[in-house]
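Subject: Structure for you to look at

Dear colleague,

Here is the structure I promised to pass on to you, and below it I have written out what was found in it. Please keep the sequence and the 3D view open while you read, and take your time over each part.

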Amino acid sequence: MVIDLRSDTVTQPTPEMRHAMTTAPLGDDVFGDDPTVNRLEEVAAARLGKEASVFLPSGTMGNLVGVAVHARSGEEIIADAESHVFLYEAAGSAAVAGVQIRPVTTQAGVMSPEQVEAAVRPRDDPHVPLTAALFLENTHNVHGGVVWPLDALRAASAAARGQGLRVHLDGARIFNASVALGVAVADVAAQADTVTFCLSKGLGCPAGSLFCGSREAVDQGRRWRKRLGGAMRQTGVLAAAGLIALDTMVDRLAEDHANARTLAEGLDELPGLSCDLTRVQTNLVYFDVAKGSAAKFQDGCRRRGLLGEATDKHRVRFVTHHGITSADIQSALAICEEVVSA
Ligand code: TLP
């Protein structure tokens, strides 16, 4: 039995999802006539409080569509220096949309209104690119799965809008944020013009993300999806799982958060491991290995049936999800104790 804490993307579809996937009514989504995709797009948009949404293969495509919808080639977007769009999307914004990212170093993933304003380029200087949009991430992955306090999100977004920028939210884990805050997901989404969220992470689906926003932004996003080769045909088989996920998999994220908390507290007590517990607010647990490398620690765990990811020379990430029970957390801690004392 392997305990897989590499990511919440390793989740398997639930039996209810598998059933829905085999019975969903299907059509050709490029013709716009897959009823299950159409239903998911309606439900997702309504849930996020947006006019429309478009179903995409991945969160990476969702962010790239966000870049392309909000910025022209030669323009710039502002994003956290540790954001997924800047670090982990193979420079799609530059390579595909011709858009440069201006990275801003933040305190734990929360950008202040002053930082937003300072990063906006003067419009009357021909040396500099025009700033088109602000990209935010919530929960913020590399900063530890931290949740933006709603007031801070509102303030950053207002600062951007005050400068004439549009706001895109990488909400790959926006439902983790809403559950942790105890607010409706639409309250979080309201701070952005467009939002990408993923069905394939904590919500347990095999694939799929939604790009949500105004009808106009989503229409443009649909054209970009086609351009990027992401328009698919009988995708209702995937959308069917998404509908089940939105119904059944959101509230239970609180369990993942509680498991992550127990795990983080246990790790922090082990000799040679330290975890900034203030950052463990959702289902991601980043911790530091004082002695030896993170890669060596990861390997020691792997040999004992526990999978995690070394994200840095001394840093490891564990992620809790639907496939992980509180008993697994205790087993994981026992394995880590063995590894640090080996
Ligand atoms: N994150 C993955 C890895 O790429 C790191 C993970 O295991 O956490 N935004 C955020 C905040 C993400 O964490 C991810 C995936 C994405 C976008 C991209 O989503 P996909 O994998 O669907 O392209």
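The chain is built from 14 helices and 13 strands, and please keep in mind throughout that this is a predicted model. Its C-alpha atoms fill a box of roughly 60 × 55 × 35 Å when the box is taken along the principal axes. For 342 residues, a compact globule would have a radius of gyration near 20 Å, and because the chain has 20 Å, the two agree.

How much of the chain is buried? Buried residues account for 54% of the 342 residues. The accessible surface comes to about 14100 Å², and carbon and sulfur atoms hold 51% of that surface. If you look at contacts between residues at least 6 apart in sequence, you will find that 73% of them join residues at least 24 apart.

Charged side chains come next. The chain carries 32 positive and 41 negative side chains, and the centres of these two sets lie 4 Å apart. The count of salt bridges comes to 17, and three of these pairs are described below.

Please begin with Arg 233 and Asp 28, whose side chains meet in a salt bridge with an N to O distance of 3.2 Å. This pair links distant parts of the chain, since Arg 233 sits in the loop between helix H10 (215-227) and helix H11 (236-248), whereas Asp 28 sits in the loop between helix H1 (15-23) and helix H2 (35-48), 205 residues apart. Arg 233 counts as partly exposed because its relative accessibility is 38%, while Asp 28, at 16%, counts as buried, the cut-off for buried being under 20%.

A second pair is Arg 261 and Glu 265, which form a salt bridge with their closest N and O atoms 3.2 Å apart. Why are these two residues separated by about one helical turn? Arg 261 and Glu 265 are 4 residues apart in helix H12 (residues 253-269), which means that about one helical turn separates them. Arg 261 is partly exposed, with a relative accessible area of 31%, and Glu 265 is partly exposed too, with 36%.

Salt bridges that share partners also join Arg 252, Glu 255 and Asp 256 into one network. Within it, the side chains of Asp 256 and Arg 252 meet in a salt bridge of 2.6 Å, N to O, and both Asp 256 and Arg 252 are buried.

Thr 139 is placed in the loop between strand E5 (131-137) and helix H7 (150-162), and with a relative accessible area of 3% it is buried. Leaving aside residues up to four places away in sequence, Thr 139 touches Gly 145, Val 146, Val 147, Arg 173, Asn 176, Ala 177 and Thr 282.

The other residue is Leu 238, which lies in helix H11. Leu 238 and Val 37 are 201 residues apart in sequence, yet their C-alpha atoms are 8.2 Å apart in space. Again leaving aside residues up to four places away in sequence, Leu 238 touches Met 21, Phe 55, Pro 206 and Ala 207.

Technical notes
Residues numbered from 1 in each chain as written. Predicted model: local features only at pLDDT ≥ 70, side-chain atom pairs only at ≥ 80, totals over all residues. Heavy atoms only, no water. Rg over C-alpha atoms; globule rule 2.2 N^0.38 Å. Buried < 20%, exposed > 50% of the residue type's maximum accessible area, 1.4 Å probe, protein only. Contact = heavy atoms within 4.5 Å. Areas by Shrake-Rupley, 256 points an atom, 1.4 Å probe, with all protein chains shown as cover. Lys, Arg positive; Asp, Glu negative; His and termini not counted. Charge placed at Lys NZ, Arg CZ, Asp CG, Glu CD. Salt bridge = Lys/Arg side-chain N within 4 Å of Asp/Glu carboxyl O.
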